[in-house]
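User: Hi, I'm new to this one. Could you walk me through it?
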Amino acid sequence: MKSTSFNRLLATTALAAVLSLPVTAHALPVLFGAATTGGTSLSNIEPGQTITAATLLQLQAPDGSIITIEPGSVFTLTGEGDSISIELQSGAVRVASSGMPISVSRGGVTVTTAGGAFSAYGNDSGGLDGRVNQGTATVQNGSGAREFARGEGYEANETNIAGTFTPPAPGSTQFAQQTGPDDDMDYSPADQQGSSGSAIVEEAAGGSGGSGGYGGTPPVTGVVVPLEGDEDTGYSVVYAADAIGIDARDPAKVTIGANGELNEYDLEPGMPERLERNSNDSLERGNSGNAVFIERWAGGETRGNYFNDNNGTLFSNMGRTSYQGFHLAYGKPTADMPATGVATYTLAAATKPTIDDGSFAPGTFSGEMSVLFGPSLGIGIDFDIDMPGDHVYNIRTPGGVANPTTGGIYWDAAARIFRVNSITMAQGGAACPTASCEAVVYGLFGGTEASDIGVSYQIIDFSIHYDDLFRAKRISGAAAFSQASYDADGGPDTPDPIQSGAVDALLVASPSNVKWYGGVYYIPQINFQSGKNLGLQNDIVAWGDDGAVTFIQATESSFASFERGTAVTADLYGTEYLQIGRWNGGDIDVFLGGNQSISPNGYQGIVYLVGNMLGTTLRPENIIATYELAGATAPIFAGGNFAPGVFDGTAAIQFGAYGANAKMGLDATVTMDEGGDIVVYNISTTGGTTTPGTSEITVFGSQIAASYQVQAPNGVACSGTAVNCQVVISGLLAGPQAREAGIRYTVGNTAANSIYGAAIFARDDAGDTLDGYLMGMTYAIRSPQSGVLAGSFGDISAGATDITIIGNEVKEIHGFNNSYAPGDVTVSEVGGVQSVISWQRWSDGQIGGQSFGNPRTTVLGEDQSMHVLAWSPATNLPTEGVATYTLAGSTSPTVADGSLAPGTFAGEMAVAFGFASTKIGLDLDVSIGGHTYNIVTTGGTATPGSSQISLGSFSGFSSTLDVAAGGVACPDAACQAKVAGALAGSGASHAALAYTISANGNPTAKAVQGVAGFERGAVVVP
């Protein structure tokens, strides 16, 4: 958890957003410092802006991650959605991720972490140098990628990645220096060494004639106390303080004075942070078993080096009155953590809790803790902080000490440091004026077999304004605990794996499109991430023989991947278009900036929703569609503290005009048994399903997204009565006519205590006309051109299209900004093979569908025709041999202007398969008006290997062939046939062909047109 030369400044205290939705870019708020673009000062950094950091600058991501930029650095924020990326032109950046993937790029080098911390300096070769301070980071360039772990440095340019980086000597005045013989020569000689006291601190504390705003005795400032004491190495440190927040440092060297006071901590190895107590008093010193130690620095001024400054006051020189405090807990990490069991801890010592601005005297602390040891560390907390004349604050995890929480806990096994974020606080007192108040607790294990715990804590309400020194009404403190009991077999029984459900049908993947939508929630959280969204390019989903999804990869957004491994799937439900489930009860392999394995029990798991999203142009228009619940995962708590619950509900979607956003109304409840208390969370939207147009849930194209609040019961997810409870929903529409709607949801005010689940709703108002929907098919249309028939279009074809086919009859084709439907025409000569190929002829009526949102107006005569052909591109093609394709069916050829009665079609195809080149042989006879056109390739079907037609992409082919002149299509000397088609089905079981015959092969008034399907015989290998 090392932060080295930069402070994350409450990086772990602001998990305000459970998940970010990939619909809009994030603007990042400036925590402190000055940022400019074009000379204009900014309070928020928008994507695309080129920014100069005028002073040391800190930005905050939606999940609480902190990005620190050195003064003078120039950068551009380029990321959006559920990840953030920064293009660095010059200078240096430090990233501390609370889970969100964050990357820094320069000169072809990209450094990325999710849940880790790293520094990145622009180097002389145009790339980046830096060090990983926490977790892992991946360094990537054009030649590959390399992962670096905590404590490792890197040097990278466009072609090389090395691991030899040493942090540069600081070169700006944000680093404070000491004076005397122990000066560290790595510090910049330009820095002002020593301290003459901070005028702003003195004034606030009542010194130098100021009126004073901070209570208590003013600090002793401008004094340099020589450092003395015994040094010892290998410590972990957690602290909480006014102005600089709450954080951890490891490994650290400590200097202990004659009376046991902490005089300095020095971040190792070779890191520039080294903070001295200096003129501060060492107050409320205490310990637990001489294994972990606590104290409060107050009444003086620290010195040494603490990476940054605020409004001209060096944090390393920050003065504190006797009513304020820098609270520390430190100790050597325990070497032998218990593998299982549950322990309780009683209070051994505590510092007096203080409020940032010293507006009232220090208070008193009492409390107890519990720990669940095992694959997922559980922490139980119940602290009371009594601030005189103000309020008694209670910091309590869900379940308290009796039921340790396993959700939302960061665990650094090497440093033995844990972190519990976003503990909901009841509204009340100066520190918690709103319902948005929360607490953060850092802790470390020391002694034999985790016999002792040291913690630092902070109570925070982010709605409170802070002053020029970043001091607000935040309460801080530290405490030490001794183990009171330990039961090696204690703790709740591990819930058994849950396996249930079945899929109604296998997912349908588009043959030429591997884009998937949806996402996953992972419980317990991984590196402080709550979940991952799918829906960019090249996302991958795989499933087993039973149809259950076994692998998910979000390639474009973060290269994150999830493999079910030995886990099983609970609450499995799926159709051709959507699938939901929950992996649990086994080892799941996860890649998030590094390989890892998680083992969720039967009450936890990875909740997923995946599907092929309905194309935006295929949505219904100007209707209200109603939906019944088709399937749902049992909702689960982040910590797995209670058994899975029950989701129930209905939905309705109000679709408007073409291209307009839709609204989804929800009448839904989540019911949880919270230790015998049955709690019902009503997450219905405004207006419910009766008036969905007033809902908070918006459907952007076919993507569902919402974040709204509902009135909450007094439950674990939203503790306290009559408070607002946050609901976050994301999902997608799928299937023809938006047949299905899938959602993922969270219910709760903090990620650690939220409820997670997924559900699929199916339309109950659409009937059987939805059967036969296929995605990713290719179609060809041969019809009169517009010059022959007003509003018509000639030769049209497209791939990877959504088509509805019932009984081999095409009911609807959706192209880009276009759709085609039979309307009131006569449909004849229908034929084909289900899901492989379909052909038919439309005539004598008006064609349906739309062109760029406008209804089609084309009217066909009795002998005029629109020839329609659709097929699924071939898979598993033979790589050698010759096959003959016999005619399976065709439409009768027609003349574009309808001047002749339809004719007849006969012929065959042959294909010479080859690994590098496949050739198509044709020998076709098209007869109409007493004339027969013979369309034949070189070698015909006898020797297709000599044909001039080669197979192309998506198993397609096209060519223009010379044909003997004559007949209605070619009364003069020139005659050509334009042919196009493809191989279709598994093993190229069928072939599709469309043709137009005219003087130049293009549609004209007298062009002859038609389509046909062929069936493959045996493949003969020479």
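Analyst: Happy to; we'll go through aromatic rings, then charges over rings, then one serine. This is a predicted model, where local features need pLDDT of at least 70, side-chain atom pairs count only at pLDDT 80 or more, and totals for chains, interfaces and linings use all residues. Residues are numbered from 1 along each chain as its sequence is written, and side-chain values use heavy atoms, leaving out hydrogens and water.

User: How many aromatic pairs are there?
Analyst: The count is 24 aromatic pairs. Rings of Phe, Tyr and Trp (its six-membered ring) pair if their centres lie within 6.5 Å; planes under 30 degrees apart are stacked, over 60 edge-to-face, and the rest tilted.
Y521 and Y756 form one that is edge-to-face, 5.1 Å centre to centre with 70° between the planes.

User: Where do Y521 and Y756 lie?
Analyst: Y521 is in strand β40 (residues 517–526) and Y756 in strand β59 (residues 755–763), so their pair ties together parts 235 residues apart in sequence. Strands here are DSSP runs (E, at least two residues), numbered from the N terminus.

User: Are they buried or exposed?
Analyst: Both Y521 and Y756 are buried, meaning under 20% relative accessible area with a 1.4 Å probe, protein chains only.

User: What lies over the face of Y521?
Analyst: R744 does, at 4.5 Å from the ring centre. For Arg, this needs CZ within 6 Å of the ring centre and within 35 degrees of the ring normal. Likewise, R419 lies over the face of Y410, at 4.6 Å.

User: New topic: where is S98?
Analyst: S98 sits in the loop between β10 (92–96) and β11 (101–106). S98 is buried, with a relative accessible area of 2%.

Technical notes: Helices (H or I, at least four residues) and strands (E, at least two) are DSSP runs, numbered from the N terminus. Buried means under 20% relative accessible area, exposed over 50%, partly exposed in between (1.4 Å probe, protein chains only).
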